[in-house]
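Welcome, and please open your viewer.

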Amino acid sequence: MNINQVVEIRSKTLCYFGVGALQKVTDICAYLKSTGVKSVLVTTDEIVYKVTGVWEVLEPALKKAGINYALYTGVVPNPTVDGIDEAVALGKKAGAGAVIGIGGGSAIDTGKSAAVLLHPDFAKYNARDLYLFKFDATKAVPIIAINTTHGTGTEVDRFAVASIPELEYKPALAVDCLYPQFAIDDPAIMRGLPVGQTMYTAVDALNHVVEAATSLATNPYVVMTAVETGRLVAKYLPQAVAHPDDLTARYYLLYASMIGGICFDNGLLHYTHAMEHPLSGIKPNLPHGLGLGMILPAVIKVIYPACPEILASIFASYVPGLKGVAGEAEMCAKGVEQWLFNVGVTEKLADFGYTEKDLENATRLTFETPSLSFLLSVAPVKATEKIVRNIYMESLKPMCK
Ligand SMILES: [Fe+2]
């Protein structure tokens with residue numbers, strides 16, 4: 001495969017994929033202008049839009065097309081509803097008729113959420129209303145996602161996430177109006193990703209497909225994309241950690257996360273994501289992918305007996321010798337934990353300061369947070385409070401020791 005060829009990958013989103021895809025923003029800006037967009041809201045953080053080189057290309061493209069912009073740089077990891085409201089206020093002032101998110105999940109999801117609230121039909125609502133499901137989010141202004149990490153898949157899916165700090169809630173939206181119209185997936189942008197983010201975002205992608213392929217909503221397409229995502233992460237994550245400049249490794253990790261996004265858009269998510277969201281609701285400095293990696297082994301132990309063949313296929317490169325039978329649950333769980341440790345994801349919940357009391361709180365939040373109980377309802381093993389609590393407790397310390 002020629003990684004320097006920019007290709008079009010179509011789902012509900014038109015994704016420009018490949019080294020150099022960033023240059024496509026010129027065409028996208030011209031298209032926006034042709035549809036009557038005079039101003040856009042750009043959502044990003046203080047650093048990423050500059051260090052990745054995205055702004056160097058995007059700003060001239062906007063100018064060339066004659067599109068004004070409002071630049072919101074206040075996005076933080078695990079973004080909050082307050083940040084979204086700030087971005088929306090800027091966008092409204094500028095009369096933004098479209099949103100461009102530059103970053104990973106936090107920046108793109110902030111942009112997606114703002115796109116709903118910038119739609120004239122929803123002008124009276126705020127981000128709390130949106131994430132507490134006080135209205136049906138059925139429309140949004142056009143969304144363009146310029147992706148800078150290989151994990152979330154949000155550039156091609158209908159999901160968005162934000163935290164409501166005072167409630168410790170981190171709900172997820174899944175509505176069709178959140179599909180970006182265009183996405184840019186350019187591996188060259190990701191060469192500068194720090195090692196931590198390289199690992200955590202790839203672990204996020206792996207979790208997406210593990211959950212989607214084993215949910216009650218799975219289908220053969222979901223399983224196929226899940227197995228390929230698993231294979232690519234196993235092959236290329238160690239390579240990207242060892243050689244951050246390796247564009248081939250970045251290309252395939254990005255491809256894995258993109259098809260992983262389409263995979264879970266179809267198959268949905270269950271235990272690991274429903275249980276990670278409360279963890280980062282309680283401690284917002286927990287990277288999403290790290291939280292997922294901490295609890296994944298204990299989740300595998302619970303769900304493996306319900307879908308051993310699928311999980312054996314996904315983890316074939318992680319745990320040699322899996323046969324796809326129910327009795328391998330613990331072997332697979334421990335093998336995946338060891339693989340995570342070997343690649344550099346070595347922390348467990350206790351290392352990050354979680355106590356048993358926190359995990360009691362997290363158990364409550366897993367069932368109480370809007371939208372998370374829906375995710376649990378598609379888990380392959382019926383989610384009970386006892387099972388959720390046990391997964392948390394078992395994730396406090398390494399399973400392997
Ligand atoms: Fe995720």
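What percentage of the residues in the protein is buried? Buried residues make up 57% of the 401 residues, where buried stands for 20 or more other C-beta atoms, placed from the backbone, within 10 Å of the residue's own.

A note before you select anything. This is a predicted model, in which local features need pLDDT of at least 70 and side-chain atom pairs count only at pLDDT 80 or more, while totals for chains, interfaces and linings use all residues. Residues are numbered from 1 along each chain as its sequence is written.

**The whole chain**

Start with a cartoon view: the protein has 16 helices and nine strands. These are DSSP runs numbered from the N terminus, with H or I over at least four residues for helices and E over at least two for strands. Along its principal axes the C-alpha trace spans about 60 × 45 × 35 Å. Of the contacts with a separation of 6 or more, 77% join residues 24 or more positions apart; a contact is a pair of residues whose C-beta atoms, placed from the backbone, lie within 7 Å.

**First stop: α7 and α8**

Select residues 195–214 for α7 and 220–242 for α8; their axes come within 9 Å and cross at roughly 165 degrees. Axes here are lines fitted to C-alpha atoms, for helices over the stretch in contact, and angles run from 0 to 180 degrees between N-to-C directions. The two helices are therefore roughly antiparallel, a label for angles over 145 degrees. Now show side chains: the residues of α7 in this contact include M199, L206 and V209, and those of α8 include V223, V233 and L237. The residues of this contact divide into 15 nonpolar, four polar and no charged. Nonpolar covers Ala, Val, Leu, Ile, Met, Phe, Trp, Tyr, Cys and Pro, charged covers Asp, Glu, Lys and Arg, and polar covers the others, Gly among them.

**Second stop: α10 and α14**

Next, select 271–282 (α10) and 356–368 (α14), which pack at an angle of about 125 degrees with their axes 9 Å apart. The contact is made by A274, M275, P278, L279, G281 and I282 of α10 and D358, N361, A362, L365 and T366 of α14. Those residues divide into seven nonpolar, three polar and one charged.

**Last stop: L286**

Finally, pick L286, in the loop between α10 and α11. Is L286 buried or exposed? L286 is buried, because 23 other C-beta atoms lie within 10 Å. Leaving aside neighbours within four places in sequence, L286 is in contact with L279, S280, G291 and F352.

Technical notes
Buried ≥ 20, exposed ≤ 12 C-beta atoms within 10 Å, placed from the backbone. Contact = placed C-beta atoms within 7 Å. Parallel < 35°, antiparallel > 145°, perpendicular 65-115°, else oblique.
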